[in-house]
Amino acid sequence: MQTTLEPQTSFEVSDKGFYGHFGGAFIPEMLYPNVEELRQNYLKIINDPAFQAEFWQLLEDYVGRPTPLFLAKRLSEKVGATVYLKREDLCHTGAHKVNNTIGQILVAQRLGKKRIVAETGAGQHGVATATVCALMGLECIVYMGSIDMERQKPNVDRMRMLGATVVPATSGSQTLKDATNEAMRHWINNPVDTHYIIGSVVGPHPYPDMVARFQSVISEEVKKQLFAKTGRQNPDYVVACVGGGSNAAGAFFHYLNEPTVRLVAAEAAGQGVSSGHSAATTALGKPGVLHGSRTILMQTEDGQVIEPYSISAGLDYPGIGPLHAHLFDSGRGDFYAITDDEALQAGFQLSKLEGIIPALESAHALAALEKMNLKPDDVVVVCLSGRGDKDLSTYAKHL
Amino acid sequence: MYVWASARAKTHYGLKPVHTFMTLTQNRITDLFSQKSERLLNVYFTAGFPQLNDTMTILRGLQAAGVDLVEIGMPYSDPVADGETIQQSNGKALDNGMSLKALFDQLEGCRQEQSGDPVTVPILLMGYINPVLQYGVEAFCKKCQEVGVDGVILPDLPLDLYLADYAPTFREYGILNVNLITPQTTESRIRHIDEESDGFIYMVSSASITGSTKGISDSMRAYFERIQAMNLRNPRLIGFGINNHDTFDTACEYANGAIVGSAFIRHLEEKGTSAESILEFVHTIRA
């Protein structure tokens, strides 16, 4: 049998679900049949023309795609390069998350599942999941850390209004990582009729690949839009924030094999990389296994998972998707650690310069622009993954 | 670039089959099953719970009470296959300062005569793969061999990845890797797991995490019968939801024995770690 520890250079997922050294399906036997069912069927389902037709129709009529690619002139002047914003903040529900939940609910229907379980941190993925469950009439259970439920009350209300049952995750540190553990336990207890909609490019194979494919609509549109606007095939840089990394995976997807395009990932440094209150996974982590995949992980010397911190609830995850771990390890991606303060300032700056209030997550990507040593003729695409409505109370504290 | 242990795994794959085979035949777990095939009792406890230094007390207490195998939990921050009871015991053990290194230190010398009360019962370590990876797979196996651990149960290390990356190392040090099957595991996969397993097969009693108290249903019995009829080459122990005399008895009708975990953790919490308390628990299960 081929070892998974051999070097591998491609950025596409291997048969066994690896990107380089990272990925795989490190799952207990209780989850094997569910994950195997998905692995055997996901490409067949996704590539079916009827599925494609329904998926694209929903993205257009329900999500509001294609989202604009906006030339941010005043921001461009400020950073000294040409900056385009991919406006995922204009998606229905306010962020890119819905691209994935639309895709996965259609997969779940075709697998004959009756119930959806999901995890959520800030509540954006929970809302996007509750939304598509309402749309399709499927039962929806969302696990959310009990601390996050207090911090993100409006999103809890939105999920409940959409008909979802929100279950507090009271184990461990009571945040996203524990909500994910609880969602996995729920799936173990309900293996036959339930589909687990993971919200990012994390989890056991085939989730990272499946979620990346659904989010790849972002770079598919950018390619066409950038060409139409500039006549250029490719930008010099694509910039996105990375918690688990789903908007980044979508924004990078069609550029992975275009070596002239630098892929830039902005991680949350929290109060500073060395402050002990950070979520800068590549700066602080080591290879390890979490939530079903081998990836880079913030952990103690003894291999216990460290609870991350960021001002942005969507970025405080102790790992990153295995694709991103491979981008980091292979040098294909540039990773920047952005502090809370830098993100806040970038959020205020975009609001004032362009009239767009970004989500705090997306503000991390904007803050990376200041660190990239951009040249005047550089063309940069920033994935503006979500809007800042949910973060107003945080912004307001720093006005 | 991170450094990976691929070269070593490859070098040893298939190169030392004779040595490997000989090591495995000397294992206390395989010895046990060659001598006894009915009503085996395997009891789980979490290392470092209720107190950091309770490990040897509980281990000796279980041996004195006559259990057949002992499964020591290596606590982990994110035990996804475990229910509330074992999760909480893991959290408490970590708060107490338990680590793999501390556990090996506690077990050091426990097999030796000069310790006065040598531990002879087969020992399995149960836990999740990440702490083992951080310790180093080879260092882990070597240390297991040194302190007298006979096997491991790592639920989130699936068989294919074990075989691809780690089997040669485990075999070199004579450490058995026990695999799980569930009611949803297909027949062909069970055959494959049986082929690649040494020691015994861990039958998860139902689609659930640990700590269920629902009893044994008809559909569970049907699953037990189905597996019994497969005539697997490995012995089988049933675990998850085995929490009293009745469930233990039922499990023993269909398998070589059973595994009790959460119920023992709850007992330790309520009745303490004394030899009498442990004996009382084991008596209740076996009656």
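Gly145(A) has Ala169(A), in strand 7 of chain A, as its bridge partner. The model is predicted, and local features need pLDDT of at least 70, side-chain atom pairs count only at pLDDT 80 or more, and totals for chains, interfaces and linings use all residues. Residues are numbered from 1 along each chain as its sequence is written, while chains are lettered from A and ligands numbered from 1 in the order in which they are written.

Strand 6 (residues 139-145) and strand 7 of chain A pair in the parallel sense over 5 bridges, where pairing requires that DSSP finds at least two bridges between two strands, and strands (E, at least two residues) and helices (H or I, at least four) are DSSP runs numbered from the N terminus. In chain A, 4 strands form an open sheet with parallel pairing, in the order 7-6-5-8. Strand 7 (165-169) and strand 8 (194-197) of chain A each have a single partner strand, so one side of each is left without a neighbour in the sheet.

The largest nonpolar core has 215 residues, and those with the most contacts inside it include Val142(A), Val239(A) and Ala258(B). Such a core is a set of buried Ala, Val, Leu, Ile, Met, Phe, Trp, Tyr and Cys residues joined through C-beta atoms within 7 Å, and buried means that 20 or more other C-beta atoms, placed from the backbone, lie within 10 Å of a residue's own.

Turning to the two chains, 40 residues of chain B are in contact with 36 residues of chain A, contact meaning C-beta atoms, placed from the backbone, within 7 Å. Helix 7 of chain B gives the largest share of the side that touches chain A, 6 residues.

How values were computed
Buried ≥ 20, exposed ≤ 12 C-beta atoms within 10 Å, placed from the backbone.
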